[in-house]
Amino acid sequence: MQKAIWRVKQLVSPAFVRLGPSSAAVSDQLDASPAGHRSSPIELTCGQVPNDFDVESTVLIWLGSNNNKGQATPWEQGIRAIARCAGKKLVEPVDKRIFEIVLDDVFVLPRTVKKEDLLKSAPDTYTQFLTDASIVGINNYASQVVQLLRPQDLVIISAMISSIQPESRDELEKRVPGSKAFKLSLPAQKQVQAPSDQPEEQIASLIEENDPILAEIWKLIDEDEMGGVMLVGSPGTGKSWYARQIALRLTNGHDSLIREVQFHPSYQYEDFVEGYAPDRDAGGFRLVDKHLLQMISAAQKTNSKVVMIIDEFSRTDAARVLGETMTYMEGSHRGRDFFLPSGRVINIPKNLVFIATMNPEDRSVDEIDAAMERRWAKVRIPPSSDKLRDFLRDNGMSGPSYGPVIEFFDELQKHLELGHAFFRTVRNATSLQRLWDTQLGFAIKKKFRFDPATQQVIEALWSTCIAQVRSAETVAESTDATNAQPVAEVEDDNAPADAEDYNQPKAS
């Protein structure tokens, strides 16, 4: 009985085709080609072709070197196009293992994607999934080669290119369907992405479009090209609240384009820019993007404003936390490449806006002023008796009751700046007394512990204030009680008799 022979079709693998010196003319043509579909196929010969590379393989075309000396090339080396293998033929003599390869259905990308571009687009994904991929050593070759990719590598690289060049996303997702579903990961951090096809619920800002502080910040960012804006004011002036409301205005209510962080004495460069984190899967450590690099990545994916809010800016050594990035936050250096300590090259795009809050009495502010003066504008947020009046009215206090509070607040500013937000929940004498007992009194004693005379002056102002508020409430309660008493009925001799009286016989 004849033995049946089954021929199983070998699955084809995606690959990089790296163009070398023998295809310099093709590299030059691709580099000069406009983005989109190329009408003519690409024909080349290659001596290093794996068996798993065959007709129908998806190909990423890499523009390589045109020389063997490591000299610069007229084009940027990197991924320039995606194509399909249409032909693979072994040429004579077969022992030389030289192949003729035909690539068709060529789609030229708008720009060359360099290896560092992929790394910057999603460093964590790169280090987690692509450390063993062919792309890692592709610049080490001067010859023309075909290097296999695992299918998952092609998916991830296509997703990265889509994030770098959104205009190519539709074509890449059509050719590599899995790239649409793959999410570039930012482990242990909030994922920040540009607005997607799914409409995001917008959050309304609580400040008006004509708000004077908002208008000033718009001018500082767009006209003066300041690196950042620092909201400066004493405690309780609403700096953090204002920063978020301004951010909502700048991003048109897209909360996904806002990142809020808070500096503190133990905050480090590794918490803000980049640092190493344990790799639970592979063991050891891996380089991870932190807040700043994540927001840079988000800003590179959209034309909208992207806002980073840094609360309590002066509570740490800002120069240590920002490192070299502080220089490149400056408006004139936006978009300019620079090196991080890890060796990666990044730049800070113009649409990334920095808003910080700072209490001028914090201990670190003297050290950072000189370094930040040229790069960050300062906008003062002062205590406001108008906002205090709004708080008290909204809480139900009447004019005679809240008048003494506003008078005390204004007098207090002559000795110590405290913000109106301290009084946000005051609604009567009881809550006002509680504010003094738990916050204001302690702040006064701490500030003037070596100045008992001023302390006594403020305490006298407070005593007058609380006494007047209680007196006003007593009067109001008495008035309300009087108005609530029922009015006694008075007989009127001229009033008409009840109906039944008309039916009674009159006395004779």
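These legends describe close-up views of a predicted model. Residues are numbered from 1 along each chain as its sequence is written, and side-chain values use heavy atoms, with hydrogens and water left out. Because the model is predicted, local features need pLDDT of at least 70 and side-chain atom pairs count only at pLDDT 80 or more, while totals for chains, interfaces and linings use all residues.

**View 1**
The protein chain has 17 helices and 16 strands. Both are DSSP runs numbered from the N terminus: helices are H or I with at least four residues, strands are E with at least two. Of the 508 residues in the protein chain, 47% are buried. Buried means under 20% relative accessible area, exposed means over 50%, and partly exposed lies in between (1.4 Å probe, protein chains only). A contact means heavy atoms within 4.5 Å. Among contacts in the protein chain with a separation of 6 or more, 71% are between residues 24 or more positions apart.

**View 2**
Two strands pair if DSSP finds at least two bridges between them. Strand 12 (residues 306-311) and strand 15 run parallel and are joined by five bridges. In this sheet, I310 stands opposite A356 in strand 15.

**View 1**

Rings of Phe, Tyr and Trp (its six-membered ring) pair if their centres lie within 6.5 Å; planes under 30 degrees apart count as stacked, over 60 as edge-to-face and the rest as tilted. The count comes to 13 aromatic pairs. In one of them, the ring centres of F354 and W376 are 6.1 Å apart. Their planes stand at 45 degrees, so the pair is tilted. F354 lies in strand 15 (residues 352-358) and W376 in strand 16 (residues 376-380), so to speak of sequence, 22 residues apart. F354 is buried at 0% relative accessibility. W376 is buried as well, with a relative accessible area of 1%. Ring pairs link F263, Y267, F272, F313, F354 and W376 into a cluster.

**View 2. F409 against F423.**
The ring centres of F409 and F423 are 5.7 Å apart. Their planes are at 90 degrees, so the pair is edge-to-face. F409 is in helix 15 (residues 399-412). F423 is in the loop between helix 15 and helix 16 (429-447), 14 residues apart from F409. Both F409 and F423 are buried.

**View 3. A lysine over a phenylalanine ring.**
The charged end of K88 sits over the ring of F99, 5.1 Å from its centre. A charge sits over a ring if NZ of Lys or CZ of Arg is within 6 Å of the ring centre and within 35 degrees of the ring normal.

**View 4. Cysteines without a disulfide.**
The structure holds zero disulfides. A disulfide is a pair of cysteine sulfur atoms within 2.5 Å. C85 is buried, at 0% relative accessibility. C465 is buried at 2%.

**View 5. S13 and its surroundings.**
S13 is in the segment before strand 1 (15-19). With 17% relative accessibility, S13 counts as buried. Neighbours within four places in sequence aside, S13 is in contact with D52, F53, S57, L148 and L149.

D105 is not a glycine, yet its phi is positive, about 50 degrees. D105 is in strand 6 (residues 99-113). Its relative accessible area is 40%, so D105 is partly exposed. N252, a residue other than glycine, has a positive phi near 55 degrees. N252 is in the loop between helix 8 and strand 9. At 54% relative accessibility, N252 is exposed.
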